[in-house]
Amino acid sequence: MRVASATASGGGVRRVAVRRTGGGVRAARRCRSTSERVEVARLEEEVEEEERRQSPALASLRVREVTESQHASELVACAALRVRCFYAYPGAADGSVLFGAAEEAAKGRWLGARRRSEEARMLKMRRLGMHVTCLAASVDLATLKGSSEDALAAGLAEDAAATGAASFAEGAGSARFVDERAGRLCEVLGTLDIHRGERLPGEVLEGNHPRKPPEEAEETLQTARDSYRAAFKTHGTLAGDPNLGRAYIFNVCVSPRARRMGVGSRLLQAAHEKATEMGVRTIYVHVEVDNTGAQALYRQEGYIYEKEEPPDATIKLGRPRRYLMAKHLVAPQGLAAQASNAAICKKEASVVLTAGGP
């Protein structure tokens, strides 16, 4: 158990403790002021970052781009993992209470429908003018070795058994697939998508870099809002220019069994390499304001805060408010010049001091 603490003054001394337990980060929030709440959030993030650094990495993890033509079964497994991470089975559609085999069959049908919807998303994204690359992190189940990986293998087997015979037979709830070349049973532990374009359809926040020349900057915030309303419903080019040098990471998910094992970091690093190959200069990710764990991971991989949605976004958009974080794969011209000037000034100052100047 990892414990961090802070003592706040002003209006009395109140101790704030943040500790890691089996159920996750828990903060004893005996706080009265905004500054104390900020301190608790900071301590929580420090605990998250330290535990992520100390987490065992999966030596057998493989990260690669998956395509419809070459990795069809792996794409299906990615779709199944997204369903597992992003959705919860709501029960029978008609509200009836089911038990046993009837419940398993209903859940299998629901999982299958959600998975097929996820599989069909590529066509929907193309209609929006999106240019999407999918990355998957997977393991060969026969090669999991070592104490931490043995535990992972046992957990994955337990999940497969709990999926239920009906849904597992259809592949609806399972993120497992048979590798086309090796013919071995594998499982997708994490996946993400990279979209190359000016904006991410479905999101209000649009990145600032690289910037378009003023005479070409015709898009407005209203266009971005329209893209949120129209996302996955209309044809068009809401995604904007794919050659601007801007990209977005989205649909980031890691199997609950494989979290804190470096899967997210490996996926992001592979995404940065792929984006660089595609000529991307700045890559972005949208993250919920309250998701401090994800924010800590992105900061660890070099992302910085750029902007956030207004306070009333939750009410207007019907979902949690988000930050936009950026990582400059190639420093923007203005920032590069600033960094260069800062380095020159530092060097000149060093020369002056060495020479005995003021």
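The exercises below work through a predicted model of a protein, each with a solution in steps.

Residues are numbered from 1 along each chain as its sequence is written. Local features need pLDDT of at least 70, side-chain atom pairs count only at pLDDT 80 or more, and totals for chains, interfaces and linings use all residues, while side-chain values use heavy atoms, with hydrogens and water left out.

**Exercise 1. The whole protein**

Task: State how many helices and strands the protein has, and what share of its residues is buried.

Solution. Step one: the protein has 11 helices and 11 strands. Helices (H or I, at least four residues) and strands (E, at least two) are DSSP runs, numbered from the N terminus. Step two: of 358 residues, 43% count as buried. Buried means under 20% relative accessible area, exposed over 50%, and partly exposed in between, with a 1.4 Å probe and protein chains only. Step three: among contacts with a separation of 6 or more, 74% join residues 24 or more positions apart. A contact means heavy atoms within 4.5 Å.

**Exercise 2. Helices α2 and α3**

Task: Describe how α2 and α3 cross, and name the residues that make the contact.

Solution. Step one: the axes of α2 (residues 72-86) and α3 (residues 100-119) come within 9 Å and cross at roughly 120°. That angle makes α2 oblique to α3. Axes are lines fitted to C-alpha atoms, for helices over the stretch in contact, and angles run from 0 to 180 degrees between N-to-C directions. Angles under 35 degrees count as roughly parallel, over 145 as roughly antiparallel, 65 to 115 as roughly perpendicular and the rest as oblique.

Step two: V76, A79, A80, R82 and V83 of α2 meet W110, L111, R114, R115, E118 and E119 of α3. By class, the residues of this contact are six nonpolar, no polar and five charged. Here Ala, Val, Leu, Ile, Met, Phe, Trp, Tyr, Cys and Pro count as nonpolar, Asp, Glu, Lys and Arg as charged, and the others, Gly among them, as polar.

Step three: P90 lies in the loop between α2 and α3. P90 is exposed, at 64% relative accessible area.

**Exercise 3. The surroundings of H286**

Task: Decide whether H286 is buried or exposed, and list its contacts.

Solution. Step one: H286 belongs to strand β9 (residues 282-288). Step two: its relative accessible area is 12%, so H286 is buried. Step three: leaving aside neighbours within four places in sequence, H286 is in contact with L200, E203, L205, Y248, I249, R322, Y323 and L324. Step four: a polar atom of the H286 side chain lies 3.0 Å from the backbone oxygen of L205.

**Exercise 4. Helix α9**

Task: Find which residues of α9 are buried.

Solution. Step one: the buried residues are T292, G293, A294, Q295, A296, L297 and Y298. Step two: these are seven of the nine residues of α9 (residues 292-300), so the helix is largely enclosed by the rest of the structure. Step three: just after α9, G302 has a positive phi of about 100°.

**Exercise 5. Backbone details**

Solution. N251 is not a glycine, yet its phi is positive, about 55°. With a relative accessible area of 24%, N251 is partly exposed. The peptide bond from H209 to P210 is cis, with omega near -20°.

Definitions and conventions: A polar contact is a pair of N or O atoms within 3.5 Å; within protein, one must be able to donate a hydrogen and the other to accept it, and residues adjacent in sequence count only if both atoms are side-chain atoms.
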